[in-house]
Amino acid sequence: MPGIDECLLEAMRLPGARGAALVDWTSGLALGTVGDAPGGDHETTAAEAAELARMAAEHGAFTAGADGEGPPVEDVIVSNRDSYHLLRFVDTSFDSSVFLHLWIGREDGNLALARIRLGEMAARLVLG
């Protein structure tokens, strides 16, 4: 069972990976980072991604049908002209307030594969 560093390094092996982070969406702090960050600053990226994650997790329109088990949202995908941002919520034994943020290049990345693998990584991730 991988810890934070191993999980992030595994994420960076995905095709097109530019950067990855584990972020606490309640505080906006990066718990771990690897690779590049959009705009060059991991902490700013973590805080901005946390705002998006909070919005998705706390608004009923996005959590409709959530069964109360695990995070209310599975993942959030944001695409722009040259890249994708994949936010994958991690189910934890405490409050499930963390997510993996993977930034992948659109030209050489594979969004479907990244989504599947990030889900597998989130399920194996050991925190604490």
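**View 1. A negative surface patch comprises Asp-41, Glu-43, Glu-48 and Glu-51.** The model is predicted: local features require pLDDT of at least 70 and side-chain atom pairs pLDDT 80 or more, whereas totals for chains, interfaces and linings use all residues. Residues are numbered from 1 along each chain as its sequence is written, and side-chain values use heavy atoms, without hydrogens and water. Patch residues have over 30% relative accessible area and no salt bridge, with like charges joined within 9 Å; Asp and Glu count as negative, Lys and Arg as positive. The place of a charge is CG for Asp and CD for Glu. Helix H2 (residues 42-58) contains Glu-51. Glu-51 counts as exposed because its relative accessibility is 51%, the cut-off being over 50%.

View 2. Asp-24 is buried but has no salt bridge, and Arg-54, the nearest side chain of opposite charge, is 6.7 Å away. Buried denotes under 20% relative accessible area (1.4 Å probe, protein chains only); a salt bridge places a side-chain nitrogen of Lys or Arg within 4 Å of a carboxyl oxygen of Asp or Glu. Beyond neighbours within four places in sequence, Asp-24 contacts (heavy atoms within 4.5 Å) Leu-29, Leu-31, Ala-50, Ser-97 and Val-98.

**View 3. The chain contains 4 helices and 5 strands.** These elements are DSSP runs (helices H or I, at least four residues; strands E, at least two), numbered from the N terminus. Along the sequence their pattern is α-β-β-α-α-β-β-β-α. Of the 128 residues, 45% count as buried.

Technical notes
Patches are made of residues with over 30% relative accessible area and no salt bridge: like charges are joined within 9 Å, nonpolar side chains (Val, Leu, Ile, Met, Phe, Trp, Tyr) within 5 Å. Accessible areas come from the Shrake-Rupley method with a 1.4 Å probe; for residues, only the protein chains shown count as cover.
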